[in-house]
Amino acid sequence: MEVKAKHCFEVSWEVCNKVGGIYTVVVSKARQMIKYYGHDNYCCIGPYFPKKAYGIFEEKSPPEKMKSAFEKLHQMGIDCHYGTWLVTGNPQVILIDFAPFTSQANNIKKELWDAFQLDTMGTTWYDVDEPVVWSWAAGKLIKELSSACEGPCVAQFHEWLAGAGLLFLKKNQVPVGTIFTTHATMLGRTLASADINLYDILDQINPEQEARNRGQGLWAKYQIERLCAQNAGAFTTVSEITGMEAEKLLGRKPDVLLFNGLDMEKFPTFEESSVRHKLFKNKIFDFVLTYFFPYYQFDLDNTLIYFLSGRYEFHDKGIDVFIRALGKLNDKLKAEGLKKTVVVFFWVPGNIRGVKSELIENKTYYSDLRDFVHENIDETQAHILNSLMANTEISKNAIFDEEELEEIRRKVLRFRRKGTPPICTHDLYNQDEDVIHRTLIEVGLDNMADDRVKVVYYPIYLTGTDGLLNLSYYESMQGGHLGVFPSYYEPWGYTPLEAGALGVPSVTSDLAGFGRYICAECKTGPDPGIWTLQRYQKNDNQVVEQLSEILYYYTTLSKQRRIQNKITARKVAETCDWSEFVTRYIEAHNIAVDKIVRQ
C-alpha cells in the first residue's frame with residue numbers, strides 16, 4: 001500500500017513509559033512503521049519520566065530541523081529530550097518534560113472549554129490534568145515540527161491521555177492529518193467493571209448521563225474521547241467489539257479497525273518453543289513438588305499445567321467464570337475416576353504481605369534433598385550403569401548404600417507435612433475479602449488430596465527472580481499446556497496471541513477483540529489451537545458450562561492431539577504479524593491525509 005504522508009508522529013503516554021498493552025502495540029510495530037516512513041520521518045512522542053525511560057532511552061543531540069522548535073518550546077516551559085528508543089527498529093523518540101509547563105494547566109483547561117465546551121472543572125492532577133497538560137504540549141511540538149517538514153504530516157494519538165494534543169491541532173487549524181485510536185472506551189470499561197452486562201444494554205445506554213453520574217474524572221475523560229473521535233481526520237479502534245462500543249458511546253463509527261499484532265521474528269520458532277516448553281515445564285514441576293508433595297503426591301507424568309494471567313479484574317478478565325468452570329471440571333474428573341491431574345496457576349497480582357512461611361520451609365527442605373542427590377550424582381550414575389551392564393534390577397538399594405538411604409529418609413521425613421497445601425503462595429491482606437481466594441473455596445477448589453484440579457494463586461508479578469518459580473512471564477507461559485483467558489471486557493487481548501506465538505494453546509472469548517478476529521478470519525478445524533468461548537449475549541451459567549466442556553476436552557486429549565493444537569496455535573499467531581496488520585495503520589493515515597487536502 002502506498003503511503004500518502006511523508007512524516008508520521010505517533011503520540012502515546014506509553015512511549016518509553018510502560019503502563020499497559022499500548023506499550024506493546026507501539027514497540028512491536030515500530031520496525032514496520034519505519035519500513036513505510038523511513039527512520040528519519042517516523043517519530044514517537046511521549047512523556048519524560050527519567051526513571052521509566054532509564055535503560056530504554058538513549059538521549060542524543062536533536063537534528064538541525066528540530067532544534068529551532070525545541071528552543072521555541074523551551075521558552076514556553078516545555079523541554080524536549082530527543083533520542084532513540086532502544087527497541088527493535090530503534091525509532092526516533094521525543095520525550096516531553098512538561099514540569100515547568102504545569103503552571104499553564106488552568107489556561108489550557110480554559111482554552112478547551114472555550115473551543116470545545118470541554119468541562120474539566122474539579123478534575124485532579126494525576127487523574128486527568130497531568131496527561132492533558134502533557135498532550136497539549138505534544139500538540140504544540142507537532143505544530144512547530146510540522147511547519148519545518150516538507151510534504152504532508154500525520155499524527156496518531158492513542159487514547160484519551162493523548163487527546164488534548166489532537167484538540168490543540170484542531171483548535172489551531174494546524175494542517176496535519178490526525179488519527180485518534182481508542183483501545184477501550186473509558187465509559188465501557190467502567191460499566192463492565194461494575195458487573196453491568198454492557199453488550200446486552202448497549203443500545204439502551206445514555207452515554208452522557210452515565211458518564212456524568214460516575215464522577216467528574218470519568219466525565220472529563222469521556223468528553224475528551226468523544227471530542228477526539230468526532231474531530232479526528234480518521235477515527236480508529238483496535239477491534240470489531242470495541243468499534244461497536246465506540247459507535248454507540250462516542251457517536252462515530254470507526255473508519256478503520258487497527259488490529260493489534262506482534263513482531264513474530266522476536267518469538268522462538270516452533271522447534272525452539274518445543275525445547276523451551278520441556279525446560280520450563282520441568283521448572284514448574286520443580287515448584288509443584290515443593291508446593292504439593294510435602295502433603296500428598298500425584299503422578300507428574302500425568303499432570304497438565306493451565307494458567308490465567310492479567311490484572312486483578314475479577315469479572316472483566318473472566319476469572320469468575322474460569323473458577324466456576326474449574327470447579328465443574330474437578331467434579332467431573334473425580335466422578336469419572338480419571339487419574340489426570342490439572343494444576344492451575346492464577347498469575348494475578350494481588351494485595352500481599354509476604355510469602356507463606358511454610359512454603360519457604362518446603363523450598364528449603366526440598367533444595368536440601370535435591371542438593372544431596374546432585375552432590376552424589378556421579379556415584380549414582382555409576383551404580384545405575386553397573387546395574388544395566390550386569391543386567392540386574394535397578395533399585396534404590398542398588399543405587400544408594402545404607403548410610404545414604406538413611407540420610408535420604410531423614411531428609412524426606414523433614415520435608416513431609418500434615419494438612420493440605422495452601423491455595424495462595426502468599427499471605428494476603430484481608431484474605432477473607434479476596435474474591436479470588438474466596439471463590440476458589442466456594443466451588444471446592446481447596447487442594448484436598450482427592451481433587452483432580454489443584455490451584456495455585458500466585459499474586460505477584462512474574463519477574464524471573466521472585467524466589468519461587470523464578471521464571472519470567474513468557475517462560476512461565478511456555479512451561480504451561482493451556483492458557484485460559486475467558487474475558488468479558490477485552491478490547492483486543494494480547495495474552496492468548498502471545499501464548500500462540502510461543503506455541504501454547506489457549507482459550508479466548510468472542511467479547512475479546514482477538515477472539516472476534518479468530519471467528520471472522522481464521523478457519524482452524526477440529527484442533528483450533530485457540531478456542532473462542534462464546535460470551536456474546538450468553539449468561540454466565542451458559543458460559544461456565546461451555547468453558548468446562550472445553551477444559552474437559554483438552555484435559556482428556558492425547559499428547560499427539562495436544563501437539564497438533566500447539567502447531568495450530570502458532571499458525572494462528574503468525575496471521576497476526578505486524579507485516580500483515582500495519583497496512584491498516586497506513587490506510588487510516590491516508591484517510592487523514594485526504595482530509596487535509598480537502599480542507
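Let me begin with the largest cavity, whose lining consists of His-7, Phe-9, Asp-40, Asn-41, Tyr-42, Cys-43, Lys-65, Met-66, Gln-92, Leu-145, Ala-148 and Cys-149. A cavity here is a set of points, on a 1 Å grid over the protein atoms alone, where a 1.4 Å probe fits but cannot get out, and lining residues have an atom within 4 Å of a point. The model is predicted, so local features need pLDDT of at least 70 and side-chain atom pairs count only at pLDDT 80 or more, while totals for chains, interfaces and linings use all residues. Residues are numbered from 1 along each chain as its sequence is written, and side-chain values use heavy atoms, with hydrogens and water left out.

The volume of the largest cavity is about 100 Å³; a volume is the space filled by probe spheres set on the points, which are joined across faces, edges and corners. Its lining divides into 7 nonpolar, 3 polar and 2 charged residues. For these classes, Ala, Val, Leu, Ile, Met, Phe, Trp, Tyr, Cys and Pro are nonpolar, Asp, Glu, Lys and Arg are charged, and the others, Gly among them, are polar. At least two lining residues come from each of β1 (7-11), β2 (42-47) and α3 (64-74). Such elements are DSSP runs numbered from the N terminus: helices are H or I with at least four residues, strands are E with at least two.

How many cavities of 30 Å³ or more does the structure hold? There are 2.

Strands of a sheet pair through backbone hydrogen bonds, either parallel or antiparallel. An open sheet of 9 strands runs in the order β3-β4-β5-β2-β1-β6-β7-β8-β9, with mixed pairing. Because β3 (57-59) and β9 (256-257) stand at the edges with a single partner strand each, one side of each has no neighbour in the sheet. Strands β1 and β6 (residues 153-158) run parallel and are joined by 5 bridges; two strands pair if DSSP finds at least two bridges between them. His-7 stands opposite Cys-153 in β6.

Elsewhere, strand β14 (residues 453-457) is largely enclosed by the rest of the structure, because 5 of its 5 residues are buried. Buried means under 20% relative accessible area, exposed over 50%, and partly exposed in between, with a 1.4 Å probe and protein chains only. Val-453, Val-455 and Tyr-457 point one way from β14, and Lys-454 and Val-456 point the other way. Strand β11 (residues 341-347) pairs with β14 in the parallel sense over 5 bridges, and Val-343 stands opposite Lys-454.

Now the second largest pocket, a pocket being an open set with protein on both sides within 12 Å along at least five of seven lines. Its volume is about 440 Å³. Of its 18 lining residues, His-277, Lys-281, His-481, Lys-559 and Arg-562 lie nearest the centre. Helix α12 gives the most to this lining, with 6 residues, and the lining has 6 nonpolar, 5 polar and 7 charged residues.

Finally, the cysteines. With a disulfide taken as a pair of cysteine sulfur atoms within 2.5 Å, the count comes to 0 disulfides. For Cys-8, the nearest cysteine sulfur is that of Cys-44, 8.0 Å away. Is Cys-8 buried or exposed? Cys-8 counts as buried because its relative accessibility is 1%, whereas Cys-519, at 45%, counts as partly exposed.
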